[in-house]
Amino acid sequence: MACPKCDFVYSVPEVTSNERAYCHRCHTVLIAPRRKAGKQIIALAASVLILIAGATVYPFLSISVGGQTHSASILETAFAFSGALTALAVAVLMFIVIIPAVRLVLLIYVLLPVIRDLALARYAKPAFRMAEALTPWAMAEIFALGCAVALVKLADLADVAFGWRPGCSPPWSFWWFSPKV
Amino acid sequence: MGLVACTRCTRVSPMGSTICDRCGSTLASRDTASLQKVWAWWFVGLICYIPANLYPMLETRTLGNVSNATIVEGAVELAHHGAFGVAAIILIASVLIPVSKFMIIAVLAFGIQRKSSISAHYRLILFEIVEYIGRWSMIDVFVVAILSALVQFQTLASMTPGRASLFFALSVVFTMLSAQSLDPRLIWDSENNHDTDSPAATGPSQTSLEKERSA
């Protein structure tokens, strides 16, 4: 195997469950196995998918000023950009809903046969590659922090209340090294 | 060594292979157009970043008054209200991070083109920081989206996103693409070429899998 960051070549070492193999030149983590990682990822992915569906449709923030109340779902949030900015609405929707959801579906598709010791799913390889390529473009957690900033910004203007919370995906990358193909 | 490595699954294949036989990724010993792509995205990103700061990010109408705030004005206004923490987050995410990203990517790209006095290991850390942190600049666009979706009370108060939000989002996307097109292995090639202490500082830089060691 070769380090993906600096191309240093190694013969693949045996690494047990609580060990990690680092590249000795650039210190990139090369192998970090975890027991039952597959099951955990599938369980979390499935629950996050449900949360995303809920958070997208139901209002997740509401605001009231002088007796008037207004609430917004994630869908409405994305479509706050209209007119000349419609392209941005689509982009925001991709970043916070579609890409995270697609990634999770791909992961489940790849991992389900793996944890059941069945043959790999037919398109497992391209699916996993795509899931990895999408990682930087899934921005649900950034959106969550954005909610917090918006709340503080509005706090002196109005009463703001949480509705359904956005499904915030945990940093998956930590689990990713183990189920390598 | 006549090998080419897969950056997705770390498998090594014989030189000249174009597709990894384990995971199916496209293989290239080095992405020879890497720097060209980096600079191309970098310049487009920089060009978009200028209008992003000049145009208003958010239009606020309260009881007939219209106020337009650019990114920096918005943060200053927050600080006036006493929300220093949030003002800091906005300033860091939309000014400090983008500007330092432009600078770091430029430093890395220059470091590959000429000799760099910064060690390769330090430059790789810089690269990983840039790659990780770039996405967080998008927070400002999300805040604008949330605010303008929520604050819609016809005459009383309403907020609409300004043109800057589009340019800002584009700038973030372009710099992310710029960072992604940088092939970090090139950093180590440039190190090897003029590092005389290195035991295997040999050969042409483009085919440089010279060392073998077990971890």
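In chain B, helix α3 and helix α6 (residues 163–181) pack at an angle of about 30°, and their axes lie 11 Å apart. Keep in mind as you look around that this is a predicted model. The crossing of α3(B) and α6(B) is left-handed. On the α3(B) side, the residues that meet α6(B) are B:Ala93, B:Ser94, B:Pro98, B:Lys101, B:Phe102 and B:Ile105. From α6(B) come B:Phe168, B:Ser171, B:Val172, B:Thr175, B:Met176, B:Ser178 and B:Ala179. Sorted by class, that contact has 8 nonpolar, 4 polar and 1 charged residues.

Helix α3(B) has other partners too. Take helix α2 (residues 71–80) of chain B: it packs with α3(B), residues 84–113, at an angle of about 165°, with the axes 8 Å apart. Angles over 145 degrees count as roughly antiparallel, so that is the label for α2(B) and α3(B). This crossing is left-handed. Here B:Ile71, B:Val72, B:Ala75, B:Leu78 and B:Ala79 of α2(B) meet a set of α3(B) residues that includes B:Phe84, B:Ile90, B:Leu91 and B:Ser94. The contact of α2(B) with α3(B) divides into 11 nonpolar residues, 1 polar and no charged.

Then there's helix α4 (residues 120–133) of chain B, whose axis comes within 10 Å of the α3(B) axis, the two crossing at roughly 140°. Once again the handedness is left, for α3(B) and α4(B). Among the α3(B) residues making this contact are B:Ile97, B:Lys101, B:Ile104 and B:Leu108, while α4(B) brings B:Arg123, B:Leu126, B:Phe127, B:Val130 and B:Ile133. By class, the α3(B) and α4(B) contact divides into 9 nonpolar, 1 polar and 2 charged residues.

| Helix pair | Angle between axes | Axis distance |
|---|---|---|
| α2(B) and α3(B) | about 165° | 8 Å |
| α3(B) and α4(B) | roughly 140° | within 10 Å |
| α3(B) and α6(B) | about 30° | 11 Å |

Leaving out residues up to four places away in sequence, B:Asp140 touches B:Met57, B:Ile71, B:Ile90, B:Ser94 and B:Phe168.

In soluble globular proteins, nonpolar side chains tend to be buried together. The largest nonpolar core in this model has 111 residues, and those with the most contacts inside it are A:Phe81, A:Phe95, B:Met138 and B:Phe142. Helix α3 of chain A (residues 86–115) gives the largest share of this core, with 14 residues. Which residues does B:Phe142 contact, neighbours within four places in sequence aside? They are A:Val92, A:Phe95, A:Ile96, A:Met139, A:Ile142 and A:Phe143. A second, separate core has 6 residues, including B:Val4, B:Cys9, B:Cys23 and B:Leu27.

Finally, a look at chain A. It has 5 helices and 5 strands, running β-β-α-β-β-α-α-α-α-β from the N terminus on. Of its 181 residues, 46% are buried. Among chain A contacts between residues at least 6 apart in sequence, 54% join residues at least 24 apart.

Definitions and conventions:
Residues are numbered from 1 along each chain as its sequence is written. Chains are lettered from A and ligands numbered from 1 in the order in which they are written. This is a predicted model: local features need pLDDT of at least 70, side-chain atom pairs count only at pLDDT 80 or more; totals for chains, interfaces and linings use all residues. Side-chain values use heavy atoms; hydrogens and water are left out. Axes are lines fitted to C-alpha atoms, for helices over the stretch in contact, and angles run from 0 to 180 degrees between N-to-C directions. Helices (H or I, at least four residues) and strands (E, at least two) are DSSP runs, numbered from the N terminus. Angles under 35 degrees count as roughly parallel, over 145 as roughly antiparallel, 65 to 115 as roughly perpendicular and the rest as oblique. A crossing is left-handed if the near helix is turned anticlockwise from the far one by less than a right angle, and right-handed if clockwise. Contact means heavy atoms within 4.5 Å. Ala, Val, Leu, Ile, Met, Phe, Trp, Tyr, Cys and Pro count as nonpolar, Asp, Glu, Lys and Arg as charged, and the others, Gly among them, as polar. A nonpolar core is a set of buried Ala, Val, Leu, Ile, Met, Phe, Trp, Tyr and Cys residues joined through side-chain atoms within 4.5 Å. Buried means under 20% relative accessible area, exposed over 50%, partly exposed in between (1.4 Å probe, protein chains only).
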